[in-house]
Amino acid sequence: VRSIHARTIAFAFFAICQEELGQVFAFKKGGGIAGYVLDCVENCVAVAAVGMKEGYQHLDELTVEQAVQIIANISALQSTLPRLFGIIMRGLCHVGMVRGDQLEETFQYADSTLRGADKSCDQEIGAMYSLVYEICRNKIDMLMNFSLENFQWVSKSTRDMPNAYCESLIEYMRNTFRSLSPMDEGSRAGLHFSCCGHIAERLVKLLTDKAKPSKDDGEGSQHGPSVNEKDDGGLLPINKIDAFGLKNLSVDVSEFMSFADGTGVPQLGECFNELKCLVDVMLDRDLPMLLLPDNESVRRRKYPFVTLDKVLSILEKYSGMGLSDKLMGSSGKSTSILMLEKKEVAHLTRLVRMQLS
């Protein structure tokens, strides 16, 4: 702010000297020479805002904390603009650069340049907000790719604790959200929703996107083979998942929702509603009944975010129990969740396909 003020004084002094030497400044809306000084202030503010952002040599290597600090710096500059323009206008009037017959026009022009300077700050803050989200999204993608690249979705047993990828994502979001205090409340809430929504969207895509096994894939492959089938973050859709894998995923979803509700951001947990409904419906012991055409309204009321095409996609990946599972006693491991046999999976798959055709 001091630098902008000093540059304005220097420019105003230079303009007065030029005018005394006989240079005539073309008339412009804003009262002649004063308008040029105000233009100088507006441009200085715009350059300062850009300079705060471009001061880092490699923007792609910024941390969230550094990016948020840049936002705070630009916001601080923006908050001083009304007072800065007021001081400059008093100075221009004091040295006689504002003519009496153009007083109203000059102040109107000062208001317009103030709005222009304020808009320049808003643009840079918006760009930095997008950068903060990009940093968070890239880190989330990296954590998910690292943890889920060869993840075993056919679990054969249930867990009481969340999977490691879930805990690492929550810990990252917890630390990141703590560093957002310099941002305004709306921007903080928006970033909360962006991060949670991105995680939920990727998990839904992993669970429901088509994954066709290739000739080289073995029977036990749990991921689709084609690079073209990868989601936006670089992970292949799940190719096989069993009831225990779905149950463990439901534990992860509950942990995500519990964390989201604990942030204090209203309705943040709703980001995971679709994922929760998809997992819950596949674990619901009434699933065979809910998939009947006559029970469509019942299914929609109970699971409003579930669509048949996504249920079909999960059924096509569902690893049902076979004879060996029964002999090993797998059917007795859990009675609280639905565990389908292979023939039941085939029947439900045909049933859903008939309704979609």
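Residues are numbered from 1 along each chain as its sequence is written, and, as the model is predicted, local features need pLDDT of at least 70 and side-chain atom pairs count only at pLDDT 80 or more, while totals for chains, interfaces and linings use all residues. Side-chain values use heavy atoms, with hydrogens and water left out.

The secondary structure of the protein comprises 13 helices and zero strands, where helices (H or I, at least four residues) and strands (E, at least two) are DSSP runs numbered from the N terminus. Of the 357 residues in the protein, 46% are buried, a term that stands for under 20% relative accessible area, with exposed meaning over 50% and partly exposed in between (1.4 Å probe, protein chains only). Among the contacts in the protein with a separation of 6 or more, 75% join residues 24 or more positions apart, contact being defined as heavy atoms within 4.5 Å.

The largest nonpolar core contains 104 residues, and those with the most contacts inside it are Leu207 and Phe256; such a core is a set of buried Ala, Val, Leu, Ile, Met, Phe, Trp, Tyr and Cys residues joined through side-chain atoms within 4.5 Å. Helix α4 (residues 103–148) gives the most to this core, with 14 residues. The core lies between domain 1 (1–131) and domain 2 (153–211 + 236–356), because both give residues to it, the domain bounds coming from an automatic or database domain assignment. When residues up to four places away in sequence are not counted, phenylalanine 256 touches Tyr165, Cys166, Leu169, Ile170, Met173, Ile199, Leu203 and Phe272.

Helix packing was examined for two pairs that share α5. Two packed helices are described by the angle between their axes and the distance between the axes; here, axes are lines fitted to C-alpha atoms, for helices over the stretch in contact, and angles run from 0 to 180 degrees between N-to-C directions. The axes of α4 and α5 (residues 164–178) come within 9 Å and cross at roughly 160°, and the two helices are therefore roughly antiparallel, given that angles over 145 degrees count as roughly antiparallel, under 35 as roughly parallel, 65 to 115 as roughly perpendicular and the rest as oblique. Residues in this contact include Ile135, Ile140 and Leu143 of α4 and Tyr165, Leu169 and Tyr172 of α5. By contrast, α5 and α7 pack at about 10° with their axes 10 Å apart, and are therefore roughly parallel to each other. In this second pair, Tyr165, Cys166, Leu169, Ile170, Met173, Arg174 and Phe177 of α5 meet Leu249, Asp252, Glu255, Phe256 and Phe259 of α7.

Helix α8 (residues 273–283) is mostly covered, with eight of its eleven residues buried, among them Asn273, Leu275 and Cys277. The elements covering the buried residues of α8 include α6 (185–208), α7 (243–262), α9 (287–290) and α11 (308–317). Serine 313 lies in α11 and, at 1% relative accessibility, counts as buried; beyond residues up to four places away in sequence, serine 313 touches Leu207, Thr208, Asp209 and Lys210.

Alanine 48, in helix α2 (residues 33–54), is partly exposed, with a relative accessible area of 22%. Alanine 48 touches Ile4 and Leu77, residues up to four places away in sequence not being counted. Alanine 48 and isoleucine 4 are 44 residues apart in sequence and 8.2 Å apart in space, C-alpha to C-alpha.
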